[in-house]
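Biologist: I am new to this structure and would like to learn how to read it. Could you take me through its features, step by step?

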Amino acid sequence: MKTVKRYEVNGHLFTNEKIAIIAENLFRAFPEVKFSVSIENDEIYLDVPTYEGAAKIQITEEGVQLIFDTHDPEMDTEDIINLNQAGILWRFSRGNQYFTPKNKKDPAEDFKLLYEYTKEVGKLI
């Protein structure tokens, strides 16, 4: 038998104290956002609307990223440059597009950058 320690934040359970603290700060900073939580992966995420595929903003111990699962990315050089100027890095690997903050700050600020981007574009293509 072993003892399992959990941290509860707004009814969500976490096994990782660092993620629980991040969650507490995010829930306080963005009360209007309905985050989802994966206790198995110790991650917080927000599903993002897309025209096709699936996307989410994922917050883990390693940082914040927008992951867009699509097999046909529509991104040209100008789009990548515009993202870079907005403080977002883009890469494509194995059918997933990854958008990450260029200059990582704290998780709440990094989330806000990507969240605002998704609201600006409406739905990812």
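Biologist: Let me begin with a pair in helix α1: by about how many helical turns are arginine 28 and glutamate 24 separated?

Modeller: They are separated by about one helical turn, because they are 4 residues apart in helix α1. Please keep in mind that this is a predicted model. Now for the general idea: side chains of opposite charge can pair when their charged atoms come close. Here arginine 28 and glutamate 24 form a salt bridge, with the closest N and O atoms 4.0 Å apart. Arginine 28 is exposed, at a relative accessible area of 55%, while glutamate 24 is partly exposed, at 39%.

Biologist: How many salt bridges are counted here?

Modeller: The count comes to 3. Another of them joins lysine 119 to glutamate 116, where the closest N and O atoms are 3.6 Å apart. These two sit in helix α3, 3 residues apart, so about one helical turn separates them. Lysine 119 is partly exposed, with a relative accessible area of 48%, and glutamate 116 is partly exposed as well, at 34%.

Biologist: Which residue forms a salt bridge with lysine 56?

Modeller: That is glutamate 43, with the closest N and O atoms 3.2 Å apart. Lysine 56 belongs to strand β5 and glutamate 43 to strand β4 (residues 43-48), so this pair ties together parts that are 13 residues apart in sequence. Glutamate 43 is buried, at 5% relative accessible area, whereas lysine 56 is partly exposed, at 22%. Lysine 56 also lies over the face of tyrosine 45, at 4.9 Å from the ring centre.

Biologist: Why is strand β6 described as largely enclosed by the rest of the structure?

Modeller: Because 5 of its 7 residues, in the stretch 63-69, are buried.

Biologist: How do I read a pair of rings?

Modeller: A pair of aromatic rings is described by the distance of the centres and the angle of the planes. The count here comes to 7 aromatic pairs. In one of them, phenylalanine 30 and tyrosine 115 have ring centres 6.3 Å apart and planes at 75 degrees, so the pair is edge-to-face. Phenylalanine 30 is in the loop between α1 (17-29) and β3 (36-38) and tyrosine 115 is in helix α3 (residues 107-121), so the pair ties together parts 85 residues apart in sequence. Both phenylalanine 30 and tyrosine 115 are buried. Phenylalanine 111 and tyrosine 115 make a stacked pair, 5.2 Å centre to centre with 15 degrees between the planes. Ring pairs link Phe27, Phe30, Phe35, Phe111 and Tyr115 into a cluster.

Biologist: What else can I see in α3?

Modeller: α3 has 15 residues and reaches 21 Å from its first C-alpha to its last, close to the 21 Å expected. Its buried residues include Ala108, Leu114 and Tyr117. At the start of α3, a side-chain oxygen of aspartate 106 comes to within 2.9 Å of the backbone nitrogen of alanine 108. Glycine 122, with a positive phi near 80 degrees, follows α3.

Notes:
Residues are numbered from 1 along each chain as its sequence is written. This is a predicted model: local features need pLDDT of at least 70, side-chain atom pairs count only at pLDDT 80 or more; totals for chains, interfaces and linings use all residues. Side-chain values use heavy atoms; hydrogens and water are left out. Buried means under 20% relative accessible area, exposed over 50%, partly exposed in between (1.4 Å probe, protein chains only). Rings of Phe, Tyr and Trp (its six-membered ring) pair if their centres lie within 6.5 Å; planes under 30 degrees apart count as stacked, over 60 as edge-to-face and the rest as tilted. A charge sits over a ring if NZ of Lys or CZ of Arg is within 6 Å of the ring centre and within 35 degrees of the ring normal. The expected span of a helix is 1.5 Å times one less than its number of residues. A polar contact is a pair of N or O atoms within 3.5 Å; within protein, one must be able to donate a hydrogen and the other to accept it, and residues adjacent in sequence count only if both atoms are side-chain atoms. A salt bridge is a side-chain nitrogen of Lys or Arg within 4 Å of a carboxyl oxygen of Asp or Glu.
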